[in-house]
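Biologist: Show me the model, please. I want to ask what each label rests on.

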Amino acid sequence: MAVDRERVAALVRELLEAIGEDPDRPGLRLTPERVADAYAEFFSGVGADASAPLAHTISVTRGPAPDTLPSGAVMLRDIRFRSVCEHHLLPFRGHAHIAYLPGEQVVGLGALPKVVDVLSSRPQVQERLGEQIADAIAASLDTRGVLVVLDASHECVTMRSGQQSDASTVTIAARGELADPVARAELIALLSAGHGGRE
C-alpha cells in the first residue's frame with residue numbers, strides 16, 4: 001500500500017500548528033510535502049512481501065559451481081539499515097549481520113539486504129525486525145539454520161531525556177541449528193572480529 005502523501009502533508013501541517021508553529025512561515029512552508037516524501041520512502045515496506053527477493057534460488061549441486069559446495073555458514077556482514085521506531089516515530093539505524101547454513105539451495109547475496117530493506121521500511125521495533133528477517137530467510141530457503149544479529153542506535157535513546165549518545169542495542173534472532181548458542185558461537189566471534197572501531 002502506497003503512502004498517502006497528500007494526507008501525510010495535511011497532518012504534518014496540523015502537527016506544526018499543534019506545537020505552536022506557523023506552517024506558512026518561509027522555513028516551514030514546504031515542510032509538509034518534504035515530510036510526506038520522506039515518509040513515502042521510510043514506510044515503503046508496509047504491505048510489501050519480504051520473501052520476494054528470495055524467490056530466485058541457486059542449486060548448489062546443479063548450479064554454476066557444483067564443485068564448490070558450502071561446508072559451513074554463508075555470512076553477510078555490515079548490511080546498513082535504517083528504520084523508524086513505532087513507539088515514538090523516531091529513527092533507528094545500524095548494521096545487520098546475517099548468516100545461514102545452506103541446504104540444497106542458496107540465494108544471491110544481494111537478496112539478503114533487500115529483505116532487510118523491505119522489513120525495516122515500516123514502523124518497527126528492533127527485536128521484531130530481527131525475528132522477521134530470520135523468519136523470511138528460514139521460510140524461503142531450505143536452510144539448516146539462520147542467524148540475524150542487529151546492532152543499532154536509537155534516537156529515542158540518544159536524543160531524548162537520557163541522551164545516551166554512545167548507546168547501541170544488539171539483538172539476536174536464530175533458527176534451526178543456529179538456535180543453539182554453542183553452534184552459533186563461531187559465527188558470533190566472526191561478527192565481533194574487527195568491529196571495535198565501527199561507527
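Modeller: Start with two helices. In α3, Leu112, Val115, Val116, Leu119 and Ser120 meet Leu129, Gln132, Ile133, Ala136 and Ile137 of α4. To meet is to be in contact, with heavy atoms within 4.5 Å. Helices (H or I, at least four residues) and strands (E, at least two) are DSSP runs, numbered from the N terminus. The model is predicted: local features need pLDDT of at least 70, side-chain atom pairs count only at pLDDT 80 or more, and totals for chains, interfaces and linings use all residues. Residues are numbered from 1 along each chain as its sequence is written, and side-chain values use heavy atoms, without hydrogens and water.

Biologist: How do you know whether α3 and α4 are parallel, perpendicular or oblique?

Modeller: Check the angle. The two pack at about 135 degrees, with their axes 10 Å apart. Axes are lines fitted to C-alpha atoms, for helices over the stretch in contact, and angles run from 0 to 180 degrees between N-to-C directions. Under 35 degrees is roughly parallel, over 145 roughly antiparallel, 65 to 115 roughly perpendicular, and the rest oblique. Therefore α3 and α4 are oblique to each other.

Biologist: Is the crossing of α3 and α4 left-handed or right-handed?

Modeller: Right-handed. That label applies if the near helix is turned clockwise from the far one by less than a right angle, and left-handed if anticlockwise.

Biologist: What makes a set of residues a nonpolar core?

Modeller: They are buried Ala, Val, Leu, Ile, Met, Phe, Trp, Tyr and Cys residues, joined through side-chain atoms within 4.5 Å. Buried means under 20% relative accessible area, exposed over 50%, partly exposed in between (1.4 Å probe, protein chains only). The largest core here has 31 residues. Phe81, Ile98, Tyr100, Leu112, Ile133, Ile137 and Val148 touch the most other members. At least two residues each come from β2 (74-85), β3 (91-101), β4 (105-107), α3 (111-120), α4 (126-140) and β6 (145-154). α3 gives the most, with six residues. Another core lies apart, with eight residues, among them Leu101, Ala174, Leu178 and Leu191.

Biologist: Which residues does tyrosine 100 touch?

Modeller: Leave out residues up to four places away in sequence, and the contacts are Ala73, Val74, Val106, Val107, Leu112, Leu141, Thr143, Gly145 and Val146.

Biologist: Why are β5 and β7 called edge strands?

Modeller: Look at the pairing. Two strands pair if DSSP finds at least two bridges between them. The open sheet has five strands in the order β5-β2-β3-β6-β7, with mixed pairing. β5 (123-124) and β7 (169-176) each pair on one side only. β2 and β5 run parallel and are joined by two bridges. Valine 84 stands opposite proline 123 of β5. α3 packs on this sheet, touching β2, β3 and β5, and its direction makes about 15 degrees with that of β2.

Biologist: How do β2 and β6 run beside β3?

Modeller: Nine bridges join β2 to β3, and these two are antiparallel. Ten bridges join β3 to β6, also an antiparallel pair. Histidine 95 in β3 is the bridge partner of arginine 80. Histidine 95 also stands opposite aspartate 151 of β6.

Biologist: Why is β3 called largely enclosed?

Modeller: Nine of its eleven residues are buried, so the rest of the structure largely encloses β3.

Biologist: Is threonine 158 buried or exposed?

Modeller: Threonine 158 has a relative accessible area of 16%, so it is buried. It sits in helix α5 (residues 155-158). Beyond its sequence neighbours up to four places away, threonine 158 touches Ser153, Gln163, Gln164, Ser165 and Ala167.

Biologist: What class does proline 113 fall in?

Modeller: Its relative accessibility is 29%, so proline 113 counts as partly exposed. Proline 113 belongs to α3. Its C-alpha atom is 8.1 Å from that of arginine 80, 33 residues apart along the chain.
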